[in-house]
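Here's a quick tour of a protein model, written for someone just getting started. Have a look at the sequence and the structure first, then read on.

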Amino acid sequence: MPDVLLDSARYPSIAIDASGVIRLLNAAAERMLGYTAADLVQALPLVDICDPAQLQARAEVLSAALGAPIAAGLTALIAKASRGSADTADLTLLRKDGRRVSSVVRITAQRDAQDAIIGYLLIGTD
């Protein structure tokens with residue numbers, strides 16, 4: 001049932017596991033990115049379709065703001081959410097046709113019954 005609800009959502013949504021591999025891509029995200037879920041789910045880490053320069057810049061900003069070194073890549077994307085606070089970020093994603101699309105995304109950690117992080121949910125606007 002959750003997949004049906006997420007798929008009917010108007011906003012692009014991408015769920016990743018704790019290692020950053022895409023686990024779910026709703027229909028709105030498919031339209032925004034030009035990929036089908038079959039192209040990406042369990043096939044790629046999310047950072048493979050993110051602008052690497054943007055993730056590097058985000059790492060530098062977060063390192064200063066959090067007072068701790070934050071690595072570029074997945075760590076820069078999930079740093080705040082991993083620390084227990086939802087995060088809002090400007091994210092540039094690379095479409096299947098090579099074009100770039102910008103979105104403001106809300107990033108939240110998904111936790112299991114023991115409060116361990118099992119993944120992250122990104123919900124955006126296009």
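Let's start with A57, which is partly exposed because its relative accessible area is 38%, a value that falls between the 20% cut-off for buried and the 50% cut-off for exposed. This residue, A57, lies in helix α4.

- How far apart are the C-alpha atoms of A57 and S19? They are separated by 21 Å, and the two residues sit 38 residues apart along the chain.
- Move along to R58, which also lies in helix α4.
- Is R58 buried or exposed? R58 counts as buried, because its relative accessibility is 15% and the cut-off for buried is under 20%.
- So who does R58 touch, if we skip residues up to four places away in sequence? The list is A76, L77, D87, A89 and I107.

- Helix α5 covers residues 74-82, and its buried residues are L74, A76, L77, I78, A79 and A81.
- Which elements do the buried residues of α5 pack against? They pack against β1, α4 (52-66), β3, β4 and β5.
- Just after α5 comes G84, with a positive phi of about 100 degrees.

**The largest pocket**

- About 180 Å³ of space lies in the largest pocket.
- Ten residues line this pocket, and the closest to its centre are A15, I16, Q110, G119 and Y120.
- Strands β1 (13-17) and β5 (117-125) each supply at least two residues of the lining.
- Which strand gives the most to the pocket lining? That would be β5, with four residues.
- Sorted by class, the pocket lining has six nonpolar, two polar and two charged residues.

**The largest cavity**

- How do you find empty space inside a protein? Rolling a probe the size of a water molecule over the atoms shows where empty space is left.
- The model has one cavity of 30 Å³ or more, and about 60 Å³ of space lies in the largest cavity.
- The largest share of the cavity lining comes from β5, which brings three residues.
- What kinds of residues are these? Nine are nonpolar, three are polar and none is charged.

**Salt bridges**

- How many salt bridges does the structure hold? The count is seven.
- One of them joins D17 and R23, with the closest N and O atoms 2.6 Å apart.
- In that pair, D17 is buried, because its relative accessible area is 13%, whereas R23 is partly exposed at 38%.
- Another salt bridge links D97 with R95, where the closest N and O atoms are 3.3 Å apart.
- Here D97 is partly exposed, with a relative accessible area of 45%, while R95 is buried at 16%.
- R95 and D97 also belong to one network with R99, joined by salt bridges that share partners.
- R111 and D115 meet through their side chains in a salt bridge too, at 3.8 Å from N to O.
- R111 is partly exposed, with a relative accessible area of 35%.

**How confident is the prediction?**

- The mean pLDDT of the protein is 91, and 92% of its residues reach 70 or more.
- Where does pLDDT stay under 50? That happens over residues 4-8, for which the model has six contacts beyond four places in sequence.

Terms used. Residues are numbered from 1 along each chain as its sequence is written. This is a predicted model: local features need pLDDT of at least 70, side-chain atom pairs count only at pLDDT 80 or more; totals for chains, interfaces and linings use all residues. Side-chain values use heavy atoms; hydrogens and water are left out. On a 1 Å grid over the protein atoms alone, a cavity is a set of points where a 1.4 Å probe fits but cannot get out, and a pocket is an open set with protein on both sides within 12 Å along at least five of seven lines; lining residues have an atom within 4 Å of a point. Grid points are joined across faces, edges and corners, and a volume is the space filled by probe spheres set on the points. Ala, Val, Leu, Ile, Met, Phe, Trp, Tyr, Cys and Pro count as nonpolar, Asp, Glu, Lys and Arg as charged, and the others, Gly among them, as polar. Buried means under 20% relative accessible area, exposed over 50%, partly exposed in between (1.4 Å probe, protein chains only). Contact means heavy atoms within 4.5 Å. A salt bridge is a side-chain nitrogen of Lys or Arg within 4 Å of a carboxyl oxygen of Asp or Glu. pLDDT is the predictor's confidence in each residue, from 0 to 100.
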